[in-house]
Amino acid sequence: MENLVAIVGRPNVGKSTFFNRMLGMRQAIVDDVSGVTRDRQYGSTEWNGKRFHLVDTGGFIGDGEDVFAAAIRQQVRMAIEEAQVVVFMVDVETGITDLDAQVGRLLKEINKPVLLAVNKVDNSERQLMIHEFWAMGFDNLYPISSTSGAGTGDLLDALTDIIPGIPEEENRLPHIAIVGRPNAGKSSFVNLLLDEERSIVTDIAGTTRDSVHAHYNKFGQEFILVDTAGLRRKRSVKEDLEFYSVLRAIRSLESADICVLMLDASKGIEAQDLNIFRLAIKNNKGIVIFVNKWDLVEKSTNTLKEYEDHIRERIAPFSDVPIVFISVLEKQRVLKAIDVAIEVHENRSKRISTSKLNTFLEETLAAYHPPAYRGRMISIKYMVQLPTAYPSFVFFCNHPKHVSESYKKYLENSLRARFDFTGVPLKLYFRDK
């Protein structure tokens, strides 16, 4: 990734607050609890006419029994290796700590520009306290306040003097959000695709807290992959931190183009899976269902068909959805699954000319005319596709309010059969003419 700036430092120095301020939105979760950010979190921003990428990292922690400690340290090292510039953040309130010194030694071993940001300098007294940080041996020191924004302009000026900037993307890449309940294998799937430990994976449900964005560009496919926190029922969400993680996952679903609902084959499709599915439909997203851990299921001749039929029965009435049975652990059908997701994105982006639509409408009306309402004949004159991000169509007719729901379903099914909208909810509107 070009012009990548890594924000590193020990826990609770304000890295995520700075990251959010630079992006102008609350993308990274911020909390008073140490170690909130675990995975690398990416975003793009602009300063002085130059665009660049930022990566927020987990707080660098020393050796310990915490199951996440080693994984977070590896995440930080990988972010430093990827980056062209490093913002090393420390806290003026606590001064130089042993962990700060440890991170400082790590950064001195790399041949990359390092900008030392002394955070929480929000009054004149603290301004006088920054001088001790010169002892860390870095050439560039910038007193800032991530909360108020004080001093961040000088830091960004120095940053944009180093990087050349990158051009604006002309076409937005497809965003594919991996959603589902905890421990379904979402993060393992993302890591396998990227061939790196982008998301931390443990057996502990709820390990992923932020929605982690990653750029995938392999085998002729290019898109943004979003690993989200597992979505549990509201009554199961007790910690404030997990509550914010769930909100962030829902927001990622709402902003994505395609939602991949990841199921655990050993547990089947449950009520919360259906809630996530309906949320994707409500937001007009393309939908694909991946059944993970298929290798753990005992199989007979009709196991796969029976399992698939059961899923389609549960998700009805919208059952025109691809279902792919995969095993992340055994690396089975993973690339096929991605091909299917891209096909659904193409279906969602499909644009059909008005002439083709009205040829379709003429044939469809000839096969089955809309039933009359209380003696009133319903006449549909023509149809057009609306310029929306998802497939939506307007039918112009003489009595739009009296078109029956069954006939609307007939039109939708006919559209799907003619133009292939597998995996995509359709919106049909009826207007006066």
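Lys293 has a relative accessibility of 22%, so it counts as partly exposed, since buried means under 20%. This residue sits in the loop between β11 and α9. The model is predicted. The protein chain holds twelve helices and 15 strands.

**Whole chain**

- Of the 433 residues of the protein chain, 53% count as buried.
- The chain exposes about 20,400 Å². Carbon and sulfur atoms supply 48% of that area.
- Take the contacts between residues at least 6 apart in sequence: 70% of them join residues at least 24 apart.

**Aromatic pairs around Trp294**

- The whole structure contains 14 aromatic pairs.
- In one of them, the ring centres of Trp294 and Phe325 are 4.5 Å apart and the planes stand at 55 degrees, so this pair is tilted. Planes over 60 degrees apart would count as edge-to-face, and those under 30 as stacked.
- Trp294 lies in the loop between β11 (286–292) and α9 (303–315), while Phe325 belongs to strand β12 (residues 323–325). The pair therefore ties together parts that are 31 residues apart in sequence.
- Both Trp294 and Phe325 are buried.
- Ring pairs also bring in Tyr307, giving a cluster of Trp294, Tyr307 and Phe325.

**The β13-β14-β15 sheet**

- Three strands form an open sheet in the order β13-β14-β15, with mixed pairing.
- β13 (380–385) and β15 (427–432) are the edge strands. Each has a single partner strand, so one side of each lacks a neighbour in the sheet.
- Neighbouring strands of this sheet are turned by 25 degrees against each other on average, direction ignored.
- β14 (residues 392–397) and β15 run parallel, joined by six bridges. Across this pairing, Phe396 stands opposite Arg431 in β15.
- Helix α11 (residues 354–367) packs on the sheet and touches β13 and β14. Its direction makes about 140 degrees with that of β13.
- Helix α12 (residues 405–419) also packs on the sheet, touching β13, β14 and β15. Its direction makes about 125 degrees with that of β15.
- Asp420 lies in the loop between α12 and β15. Its phi is positive, about 60 degrees, although it is not a glycine. With a relative accessible area of 38%, Asp420 is partly exposed.

- Six of the six residues of strand β5 (residues 114–119) are buried.
- In a regular strand, side chains alternate between the two faces of the sheet.
- Both faces of β5 are covered. Val114, Leu116 and Val118 are buried on one side, and Leu115, Ala117 and Asn119 on the other.
- β5 runs parallel to strand β4 (residues 85–91), with six bridges between them. Val90 has Val118 of β5 as its bridge partner.
- Helix α6 (residues 186–194) has seven of its nine residues buried, so it is largely enclosed by the rest of the structure.
- The buried residues of α6 include Lys186, Phe189, Asn191 and Leu194.
- Just after α6, Asp195 takes a positive phi of about 60 degrees.

**Thr160 and its contacts**

- Thr160 is in helix α5 (residues 152–162). At 2% relative accessibility, it counts as buried.
- Setting aside residues up to four places away in sequence, Thr160 touches Trp47, Asn48, Lys50 and Phe52.
- Thr160 and Glu46 are 114 residues apart in sequence, with a C-alpha to C-alpha distance of 9.2 Å.

**Cis peptide and cysteines**

- The peptide bond from Ala316 to Pro317 is cis, with omega near 15 degrees. Pro317 lies in the loop between α9 and β12.
- The whole structure has zero disulfides.
- Cys259 is buried at 2% relative accessibility. Cys397 is also buried, with a relative accessible area of 0%.

Note on methods. Residues numbered from 1 in each chain as written. Predicted model: local features only at pLDDT ≥ 70, side-chain atom pairs only at ≥ 80, totals over all residues. Heavy atoms only, no water. Helix = DSSP H or I, 4+ residues; strand = E, 2+ residues; numbered from the N terminus. Buried < 20%, exposed > 50% of the residue type's maximum accessible area, 1.4 Å probe, protein only. Contact = heavy atoms within 4.5 Å. Areas by Shrake-Rupley, 256 points an atom, 1.4 Å probe, with all protein chains shown as cover. Pairing = 2+ DSSP bridges. Axes fitted to C-alpha atoms, helices over the stretch in contact; angles between N-to-C directions. Disulfide = S-S within 2.5 Å. Phe/Tyr/Trp six-rings, centres within 6.5 Å; stacked < 30°, edge-to-face > 60°.
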